[in-house]
Amino acid sequence: MSVMNVRRRISTAALAGTTVLGLVTLSACSGTSSADGDEGGGKLDVVASFYPMQFLAEQIGGDHVEVTTLTRPGVEPHDLELQPRQASELRRADYILYLKGVQPAVDEAIAQSGVKHVVDAATLTKLESHGADVGHDHGHEGEEHAGEEHGAGHEGEDQAGEEHGAEAGGDPHIWLDPVKYAEVAQGVGDSLAKADPDRAADYRKNTEALVGKLKALDTEFADGLRNTTTRTFITAHSAFGYLAERYGLDQHGIAGIGPESEPSPARIKELQSVAKQEKVSTVFFETLASDRTAKTLAKDTGLRTDVLDPLEGITDKSRGDDYLAVMESNLAALQKALGAK
Ligand SMILES: [Zn+2]
């Protein structure tokens, strides 16, 4: 629908006045000879897997890239199934930016795409495992992935054995920590510069600008959450582990790292007692996933509900129209819920 149509329109328009040459054409030749406008008028044809990747590609790529996002706005990304036309779109990309471990179907299609410049954001920062008590959807349960607390000396000791490869990731929600997201931004900037060396200077400049904004956001979170009545918050799915760790908070997720896992009655009971002990005021739900359990829990415990947005997509309902704006809203919601002074 609209995302692809918009892209096609722009590409075709861009094509009209420009010479087609160089890298863009070279790597775009592998696919069909359809009128899909892969030539892109000299723009780098970038495919992003879902919103947090799209935002980086747009901010850093600026005018030099044409970004298509596989996950349409408003679609919960974790369970995305790709349309056949999206798979072929993927094969024609010049540069793919994704985050392995969030969307299994996307991971698979990208592995088969044969595209030269494929960047997995998870490799640009360090992943950790969070919330091992709740059960994960991402298929890498409980694996520590060279987490910051784990020195090289531990390797091979903290065994769960067979899955413990370099690929075995932890919690993929790195974009919700502005510091980790800035690390990823740096890596994206470097890789775009490599993929499209003629515009390297612009990509570096855009990267610096974005990293500056993310650092300012980090400072705002640190300052805004320094003094609070409670450090504990309850969320719908366990997306905020990195954020909690960064600012010394304690996240309790109703569901695991993927939003679809249904909590057991025991889990609900546990959360009820956490809420009581830790003086929790608010149960957070989110814009894309079901809010039924969060609302029931809040009702049963007499707590408020509010939105804490995991930013897995931006819609009309989002409290802000881009990553930075929604993160500002998240900070305000956390300050209110935690009783910031
Ligand atoms: Zn998630």
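pLDDT is the predictor's confidence in each residue, on a scale from 0 to 100.

**View 1. Confidence along the predicted model.** The structure shown is a predicted model. Its chain has an average pLDDT of 80, and 76% of the residues reach at least 70. Over residues 1–40, pLDDT stays under 50, and the model has 48 contacts beyond four places in sequence for this stretch. Where pLDDT is low, predicted coordinates should not be read in detail.

**View 2. The parallel sheet.** Four strands form an open sheet in the order S2-S1-S3-S4, with parallel pairing. Strand S2 (65–69) and strand S4 (117–120) are the edge strands, each pairing on one side only. On average, and ignoring direction, neighbouring strands of this sheet are turned by 20 degrees against each other. Within the sheet, strand S1 (residues 44–48) runs parallel to strand S3 (residues 95–98), and 3 bridges join the two. Valine 46 has tyrosine 95 of S3 as its bridge partner.

**View 3. Helix H3 between the sheet and helix H6.** Helix H3 (residues 51–61) lies across S1, S2 and S3, and its direction makes an angle of about 175 degrees with S2. H3 also packs with helix H6 (residues 178–195), at an angle of about 55 degrees and with the axes 10 Å apart. This angle makes H3 oblique to H6, and the crossing is right-handed. From H3, the contact involves Pro52, Phe55, Leu56, Ile60 and Gly61, which meet Tyr181, Val184, Ala185, Val188, Gly189 and Leu192 of H6. By class, the residues of this contact comprise 9 nonpolar and 2 polar, with no charged residue.

**View 4. The pairing of helices H6 and H7.** The axes of H6 and helix H7 (residues 200–224) come within 9 Å of each other and cross at roughly 180 degrees. H6 and H7 are therefore roughly antiparallel, as angles over 145 degrees are classed in this way. On the H6 side, the contact is formed by Pro178, Val179, Tyr181, Ala182, Ala185, Gln186, Gly189, Asp190, Leu192 and Ala193. These residues meet Ala200, Tyr203, Arg204, Thr207, Glu208, Leu210, Val211, Leu214, Leu217 and Asp218 in H7. The contact of H6 with H7 has 13 nonpolar, 3 polar and 4 charged residues.

**View 5. The crossing of helices H9 and H10.** Helix H9 (residues 265–277) and helix H10 (residues 292–301) have axes that come within 11 Å and cross at roughly 50 degrees. The two helices are therefore oblique to each other, and their crossing is right-handed. H9 contributes Ile268, Leu271 and Gln272 to the contact, while H10 contributes Thr293, Leu297, Asp300 and Thr301. Sorted by class, the contact of H9 with H10 has 3 nonpolar, 3 polar and 1 charged residues.

Definitions and conventions: Residues are numbered from 1 along each chain as its sequence is written. This is a predicted model: local features need pLDDT of at least 70, side-chain atom pairs count only at pLDDT 80 or more; totals for chains, interfaces and linings use all residues. Side-chain values use heavy atoms; hydrogens and water are left out. Contact means heavy atoms within 4.5 Å. Axes are lines fitted to C-alpha atoms, for helices over the stretch in contact, and angles run from 0 to 180 degrees between N-to-C directions. Angles under 35 degrees count as roughly parallel, over 145 as roughly antiparallel, 65 to 115 as roughly perpendicular and the rest as oblique. A crossing is left-handed if the near helix is turned anticlockwise from the far one by less than a right angle, and right-handed if clockwise. Ala, Val, Leu, Ile, Met, Phe, Trp, Tyr, Cys and Pro count as nonpolar, Asp, Glu, Lys and Arg as charged, and the others, Gly among them, as polar. Two strands pair if DSSP finds at least two bridges between them.
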